[in-house]
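Thanks for coming, everyone. Please look at the screen while I walk you through this one.

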Amino acid sequence: MKTIETLARSQVGAPRRADDADPGFGVYVHWPFCLAKCPYCDFNSHVRATPIDEGRFVSALRAELAHRAAATRGRTVRSIFFGGGTPSLMRPQTVQSVIDAIGANWSVEADAEITLEANPTSVETGRFRGYRAAGVNRLSIGVQALDDADLKALGRRHNVAEAVEAVRIAASIFPRYSFDLIYARPGQTEKAWRAELREAMKLAGEHLSLYQLTIEPDTIFERLRRAGKLTIPDDELARVLFDATQEIAESGGLPAYEVSNHARLGAESRHNLIYWRYGEYAGVGPGAHGRLVTPEGRRALATEKHPEMWLTQVESEGHGLVENAPLSAEEQGDEFLLMGLRLREGVDRARFEALSGRRLKQRQIDDLAAEGFIEEDEKGRIRVTNVGMPLLDSIVADLAA
Ligand SMILES: C[S@@+](CC[C@H](N)C(=O)[O-])C[C@H]1O[C@@H](n2cnc3c(N)ncnc32)[C@H](O)[C@@H]1O
Ligand code: SF4
């Protein structure tokens with residue numbers, strides 16, 4: 001007989017929690033172009049004055065896919081993710097060609113998750129049906145704020161009405177959708193964020209990404225902050241905003257399963273779970289990263305970031321890789337902790353020890369647990385608590401030391 005829990009899970013799709021013995025294999029495709037550069041963003045995104053030759057990019061992406069497939073024979077693709085940049089600037093035909101090329105190189109799970117990141121301008125919303133027809137079954141929309149003045153300050157090219165419309169259209173076309181918001185924005189109060197997040201919960205489906213604004217090096221926001229022209233919430237207010245985020249999202253049925261990602265049970269992003277559970281993924285396109293397991297061990301791969309240089313390299317060498325290096329046991333252990341401790345489900349101590357060839361120091365664990373930052377269960381899983389989450393980086397550094 002099914003328990004209430006298994007019944008509840010079966011209603012929301014395949015539960016994949018704590019299934020990190022086999023995190024699976026995914027393919028990441030990077031589209032490096034945007035209509036404008038947002039002042040906070042340090043992703044590999046570029047603005048071009050002339051139209052992009054999508055046919056040339058498709059040929060190069062095909063070449064890279066064949067190159068990675070040769071190193072990963074026998075894998076089955078669990079997820080495909082079109083990230084950017086702004087993939088919703090790609091023609092649906094371009095997306096279709098890339099999905100077809102993935103299917104020609106690997107077998108693909110029948111219910112593989114195929115996500116595309118979209119910006120909510122009206123032109124891009126007009127392409128949503130085309131993406132669905134191409135095989136995309138999950139849309140991730142960059143809403144960022146539900147406040148027109150703040151959208152302007154973030155350099156966004158859409159307003160709240162367009163964002164709401166994009167989410168509604170996505171909900172009517174795609175089986176799954178998510179959207180992103182950025183909080184701890186300049187001048188944001190707890191009251192304003194609470195009200196905004198409550199509005200967002202009404203629009204949300206099964207998944208929400210709620211990112212705390214980070215001032216990244218070499219961005220316009222960093223220059224403004226250094227010049228004293230931009231003030232963001234201090235650590236104390238940021239903590240209050242983080243706690244409010246957890247409270248509102250959880251009580252609305254979207255608890256955090258990762259530092260910034262919230263979902264109903266079973267509705268987590270399968271693609272991102274592959275990264276965080278330290279699975280295997282091939283990355284193609286400019287500035288894409290990969291982690292592949294070869295007979296000689298796990299390797300770190302990365303491609304040329306500059307779009308036109310990447311194109312030229314792929315056209316002459318058949319791949320755009322500028323890094324393809326073995327990872328030492330110690331590096332694998334560090335990466336495993338860095339990724340896995342982001343997840344609420346935490347990490348399996350035995351898997352850390354198998355990957356890294358070293359044991360975690362019990363004293364270190366006990367000290368962090370005594371401070372309430374982490375907890376360990378009887379099966380040897382270590383988790384970062386809500387109290388510890390904002391201190392994640394230093395907790396990982398302590399454990400890895
Ligand atoms: C690849 S980016 C953007 C995808 C898409 N181009 C867009 O802007 O909607 C993915 C997400 O990262 C988040 N993000 C980017 N830069 C950030 C920053 N400096 N601080 C916090 N979140 C950020 C945004 O929420 C964004 O939607
Ligand atoms: S936030 Fe998105 S739209 Fe803005 S520059 Fe970065 S990738 Fe492009």
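A definition to begin: a polar contact is a pair of N or O atoms within 3.5 Å; within protein, one must be able to donate a hydrogen and the other to accept it, and residues adjacent in sequence count only if both atoms are side-chain atoms. With that, take R75. Its side chain reaches the backbone oxygen of R73 at 3.2 Å. The side chain of R75 also makes a polar contact with the side chain of E280, at 2.7 Å.

Some ground rules. This is a predicted model, where local features need pLDDT of at least 70, side-chain atom pairs count only at pLDDT 80 or more, and totals for chains, interfaces and linings use all residues. Residues are numbered from 1 along each chain as its sequence is written, chains are lettered from A and ligands numbered from 1 in the order in which they are written, and side-chain values use heavy atoms, with hydrogens and water left out.

Back to R75. Where does R75 sit? In the loop between helix 2 (54-70) and strand 2 (76-84). Helices (H or I, at least four residues) and strands (E, at least two) are DSSP runs, numbered from the N terminus. Leaving aside neighbours within four places in sequence, R75 is in contact with F25, W106, S107, E280 and V293. Contact means heavy atoms within 4.5 Å.

Now the ligands. How many residues surround ligand 1? There are 17, and the closest are G85, Q144, R156, D180 and T214. To be counted around a ligand, a residue needs a heavy atom within 4 Å of it. Strand 4 (138-144), strand 5 (176-183) and strand 6 (207-212) each supply at least two residues of that shell. By class, the shell around ligand 1 has five nonpolar, eight polar and four charged residues. Here Ala, Val, Leu, Ile, Met, Phe, Trp, Tyr, Cys and Pro count as nonpolar, Asp, Glu, Lys and Arg as charged, and the others, Gly among them, as polar.

A backbone N or O atom of Y40 lies 3.1 Å from a nitrogen atom of ligand 1. For T214, a backbone N or O atom is 2.9 Å from a nitrogen atom of the ligand. In N119, an N or O atom of the side chain is 2.9 Å from an oxygen atom of ligand 1. The protein covers 92% of the 560 Å² of accessible area that ligand 1 has on its own. That area comes from the Shrake-Rupley method with a 1.4 Å probe.

Next, ligand 2. Among the residues surrounding ligand 2 are C34, C38, C41, Y40, G85, N119 and R156. This shell divides into five nonpolar, four polar and two charged residues.

Most residues other than glycine have a negative phi, and most peptide bonds are trans. Yet a cis peptide bond joins G84 and G85, with omega about 15°. G85 is in the loop between strand 2 and helix 3 (92-105). A184 has a phi near 65°, a positive value in a residue other than glycine. A184 is in the loop between strand 5 and helix 8 (190-203).

Last stop: D150, in helix 6 (residues 148-153). Not counting residues up to four places away in sequence, D150 touches A145 and R185. D150 and R91 are 59 residues apart in sequence and 29 Å apart in space, C-alpha to C-alpha.
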